[in-house]
Amino acid sequence: MASEYVTDDSENESMSESMSCSSSSDQDNSEIVEDVLAGSYQPYAHEPLAETSDEDEQEEVDVDGIPLQEIEDRYEGIQTIENWCCCGHCDARLLFGPREYRCCHEIDAANVFKSEPTEPVQCVTEHPDFNAVVLHPRVLQVAANGLRTRQGKRYKQLGSDENSYLRAIAYRLFISMVFGFMGFDNSRPLPACAYTTIRTRFPKAKNTEYTGYKSTEER
């Protein structure tokens, strides 16, 4: 007997809900009719809003997958260096242009490079080969003999600013060592720690400025 009463109650509740939904629907239709008669009805006003697709919400990112707005915030000082440098060797005072504001921890190839020594290092600049190759003046001078400009000419020092010449070679050797051969039409910025260490080792001449990273199109 108890189950019969439960069934009856359930049926009553279903009927009640059905009547309630029907009443609500009738009320909505009545409101729409009133809007039409009053001349205030707007087409699709009662349609659900379309959801924003994932593609619309996707942020623009740079070559290392860092949001472009994040890069700009770092350059503007909105994001301080303590918030994005994880290697401890980046220095904003020696960076020029937003695209140089990235830590080696954010670059996949740099992380692979750091794991190569028997004892993995925290920063690419701590890798034994970085000091032996990228920061060694004699190695850079010898390596320059095998480098060519876009016009196919050999690298050579222009004027008396030797450090500017050595920095240019150091940047290319670092790219080759960490990323492999990329070619003139496939450039990319170095991590901030590499710029900082190279520019500290080979500082700019007095009354001159660092050029900063330039893309292929800007050169």
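1. Start with helix α9. Its buried residues are A192, C193, A194, Y195, T196, T197, I198 and R199. That is eight of the ten residues of α9, so this helix is largely enclosed by the rest of the structure. The buried residues of α9 pack against α4 (81-84), α6 and α8. Bear in mind that the model is predicted.

2. The overall plan is simple to state. The chain has nine helices and zero strands, and its pattern along the sequence reads α-α-α-α-α-α-α-α-α. Of the 219 residues in the chain, 29% are buried. The chain exposes about 14,700 Å², and carbon and sulfur atoms supply 49% of that area. Among contacts between residues at least 6 apart in sequence, 59% join residues at least 24 apart.

3. How far can the model be trusted along the chain? The mean pLDDT is 78, and 69% of the residues reach 70 or more. Over residues 1-25 the pLDDT is below 50, and this stretch has zero contacts in the model beyond near neighbours in sequence. Residues 43-57 also stay under 50 in pLDDT; for them the model has four contacts beyond four places in sequence. Where pLDDT is low, the predicted coordinates should not be read in detail.

4. Helix α8 covers residues 162-179, which makes 18 residues. From its first C-alpha to its last it reaches 26 Å, close to the 26 Å expected at 1.5 Å a residue. Its buried residues are Y165, L166, R167, I169, A170, Y171, L173, F174, I175 and V178. When reading that list, recall that an α-helix has 3.6 residues a turn, so residues three or four places apart point the same way. What covers the buried residues of α8 includes α5 (108-114), α6 (128-134), α7 (137-144) and α9 (192-201). After α8 comes G180, with a positive phi near 85 degrees.

5. The side chains of R188 and D64 are joined by a polar contact of 2.7 Å. Leaving out residues up to four places away in sequence, R188 touches V63, D64, R102, I107, I175, F179, M182 and Y213. Of these, I175 is also one of the buried residues of α8.

6. Aromatic rings deserve a separate point. The count comes to four aromatic pairs. In one of them, the rings of Y75 and Y101 have their centres 5.7 Å apart and their planes at 80 degrees, so the pair is edge-to-face. Y75 lies in helix α3 (residues 68-76) and Y101 in the loop between α4 and α5, so the pair ties together parts that are 26 residues apart in sequence. Y75 is partly exposed, with a relative accessible area of 38%, whereas Y101 is buried at 7%.

7. A further edge-to-face pair is formed by Y171 and Y195, at 5.5 Å centre to centre with 70 degrees between the planes. Y171 lies in helix α8 and Y195 in helix α9, so this pair ties together parts that are 24 residues apart in sequence. Y195 counts as buried, at 3% relative accessibility. Elsewhere, ring pairs link Y75, W84 and Y101 into a cluster.

How values were computed. Residues are numbered from 1 along each chain as its sequence is written. Side-chain values use heavy atoms; hydrogens and water are left out. Helices (H or I, at least four residues) and strands (E, at least two) are DSSP runs, numbered from the N terminus. The expected span of a helix is 1.5 Å times one less than its number of residues. Buried means under 20% relative accessible area, exposed over 50%, partly exposed in between (1.4 Å probe, protein chains only). Contact means heavy atoms within 4.5 Å. Accessible areas come from the Shrake-Rupley method with a 1.4 Å probe; for residues, only the protein chains shown count as cover. A polar contact is a pair of N or O atoms within 3.5 Å; within protein, one must be able to donate a hydrogen and the other to accept it, and residues adjacent in sequence count only if both atoms are side-chain atoms. pLDDT is the predictor's confidence in each residue, from 0 to 100. Rings of Phe, Tyr and Trp (its six-membered ring) pair if their centres lie within 6.5 Å; planes under 30 degrees apart count as stacked, over 60 as edge-to-face and the rest as tilted.
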